[in-house]
Every structure is written in structure tokens, then in C-alpha cells.
Amino acid sequence: MTQAADGSAPMGGAIRPAEPRDAAALADLWNGMIRDSLSTFTTDEKTQAEITALIATRADAFWVAEAAGEVLGFVTYGSFRSGPGYAATVEHSIVLSAAAQGQGLGRGLMTRAEEAAAAQGHHVMVAAISSANPGAVIFHEKLGFAQVGRMPEVGRKHSKWLDLILMQKTLTAS
């Protein structure tokens with residue numbers, strides 16, 4: 001697959017719905033980020049069973065990027081907060097392998113997620129980004145997300161206080 005003019009499909013890769021068979025590869029990607037970075041505040045690694053269950057419950061909100069049969073990244077989204085007043089707002093998670101970055105895979109994943117969320121009637125997509133991940137802020141800015149808040153020192157990991165940067169993008173005009 002080649003990259004479309006709008007950048008929605010990555011060069012040499014494919015975006016497809018996540019499947020249970022992807023759980024091991026997704027666990028490797030996700031847990032590597034959890035263990036080895038400050039990009040997420042959690043230290044609780046994901047099991048393959050948890051990921052398989054998440055794929056099942058988010059069948060229309062979970063995609064992987066792959067090339068040559070290898071899963072290189074994923075995006076998924078779910079409820080931003082509980083309660084009916086937030087029903088039209090979703091928060092996403094996106095993870096790419098280091099080797100996959102800069103190839104259009106992240107843009108392709110986000111385009112697919114944004115289009116699907118909008119088609120499902122969601123109005124806003126939120127990104128909650130660690131201040132230790134400035135590349136994610138730049139990535140989201142390039143996709144049209146705007147910084148709407150910063151919560152100083154609300155996260156702590158590896159003996160460091162971390163800010164949470166909130167970004168959002170309006171998906172629909174309704």
C-alpha cells in the first residue's frame with residue numbers, strides 16, 4: 001500500500017483492524033513502552049488476555065499497522081470519562097515501534113481512528129500526553145490537535161514527577 005495524498009495510508013504498510021492473533025505482538029509493543037519510558041504513567045504491564053479482551057470490546061475502535069506481517073504499532077480509543085455527558089468524547093492510545101516512527105504509520109493509524117470515531121458519532125478525541133514525551137505533542141499538533149491543558153506533576157514514575165498535557169481535536173461539527 002502506498003501513501004495517499006492525505007497521508008492516511010503509510011508507505012509500505014497496511015492499517016487493519018486488530019485481531020486476537022495480534023495480542024502477543026501488541027503486548028510486546030505496549031509493555032516495552034510501559035517498562036522503558038515515561039510516556040505513560042502506569043507501571044502495570046498488559047497481559048495477552050487483557051489485550052485480547054480489549055480487542056473484543058473495541059472491535060470497531062482498535063487498529064494495527066503492519067508491514068511484511070509484522071505488527072509495528074496500534075491505535076485504540078475508548079471512553080474519555082464515565083457519564084452520559086461525556087459520551088461523545090473519546091481518548092486514544094497510540095504506540096509505534098521505534099523502527100516504525102517517521103514512516104507515516106502513526107498518521108495512518110490516527111486517520112483511521114479519527115474517521116471511525118467521527119462515523120460513530122463522537123465529537124472530540126482527547127490525547128493525554130506525558131510531558132516526558134514532547135515528540136507526541138508535536139505529532140498531535142501536526143494532526144490538528146490543540147493543547148487545552150497542562151496538569152503539573154500529577155504523574156510519578158521512576159522517581160520523577162511528570163506533567164500531563166491534554167490535547168484535543170474536534171471530529172465533527174455537530
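User: Which residues does Ser-39 touch, not counting those up to four places away in sequence?

Analyst: This is a predicted model. In it, Ser-39 touches Met-33, Ser-130 and Asn-133, once residues up to four places away in sequence are set aside.

User: Switching to aromatics. How many aromatic pairs does the structure hold?

Analyst: The structure holds four aromatic pairs. One of them is Trp-30 with Phe-74: the ring centres are 4.7 Å apart and the planes are at 50°, so this pair is tilted. Trp-30 belongs to helix α1 (residues 23-36) and Phe-74 to strand β3, 44 residues apart, and the pair thus links distant parts of the chain.

User: Why does 50° between the planes make the pair tilted?

Analyst: Planes under 30 degrees apart count as stacked and those over 60 as edge-to-face, with the rest tilted. The 50° between Trp-30 and Phe-74 is therefore a tilted case.

User: Are Trp-30 and Phe-74 buried or exposed?

Analyst: Trp-30 is buried at a relative accessible area of 8%. Phe-74 is buried too, at 0%.

User: Which residues do ring pairs link into a cluster?

Analyst: Trp-30, Phe-62 and Phe-74 form a cluster linked by ring pairs.

User: Which residue has its charged end over the ring of Trp-30?

Analyst: That is Lys-46, whose charged end sits 4.8 Å from the centre of the Trp-30 ring.

User: Now the strands. How do β3 and β4 pair?

Analyst: Strand β3 (residues 70-79) pairs with strand β4 (residues 89-96) in the antiparallel sense, over seven bridges. Ser-79 stands opposite Val-90 of β4.

User: And what joins β4 to β5?

Analyst: Three bridges join β4 to strand β5 (residues 124-130), and these two run parallel. Opposite Glu-91 stands Val-126 in β5. From β4 the chain crosses through helix α3 (residues 105-119) to β5, a β-α-β crossover that is right-handed.

User: What is Phe-80 in contact with, leaving aside neighbours within four places in sequence?

Analyst: Phe-80 is in contact with Tyr-86, Thr-89, Val-90, Glu-91 and Val-126. As for Val-124, its C-alpha atom is 9.5 Å from that of Phe-80, though the two are 44 residues apart along the chain.

User: Zooming out: how many helices and strands does the chain have?

Analyst: Four helices and seven strands. Read from the N terminus, the elements go β-α-α-β-β-β-α-β-α-β-β.

User: What radius of gyration does the chain have, and what would a compact globule have?

Analyst: The chain has 16 Å, which agrees with the value near 16 Å for a compact globule of 174 residues. Its C-alpha atoms fill a box of roughly 40 × 40 × 30 Å along the principal axes.

User: What share of the residues counts as buried?

Analyst: Of the 174 residues, 44% count as buried.

User: Last one: among contacts between residues at least 6 apart in sequence, what share joins residues at least 24 apart?

Analyst: That share is 61%.

How values were computed. Residues are numbered from 1 along each chain as its sequence is written. This is a predicted model: local features need pLDDT of at least 70, side-chain atom pairs count only at pLDDT 80 or more; totals for chains, interfaces and linings use all residues. Side-chain values use heavy atoms; hydrogens and water are left out. Two strands pair if DSSP finds at least two bridges between them. A crossover is right-handed if, with the strands pointing away from the viewer, the path from the first strand over the helix to the second runs clockwise. Rings of Phe, Tyr and Trp (its six-membered ring) pair if their centres lie within 6.5 Å; planes under 30 degrees apart count as stacked, over 60 as edge-to-face and the rest as tilted. Buried means under 20% relative accessible area, exposed over 50%, partly exposed in between (1.4 Å probe, protein chains only). A charge sits over a ring if NZ of Lys or CZ of Arg is within 6 Å of the ring centre and within 35 degrees of the ring normal. The radius of gyration is taken over C-alpha atoms; the globule rule is 2.2 Å times the number of residues to the power 0.38. Contact means heavy atoms within 4.5 Å.
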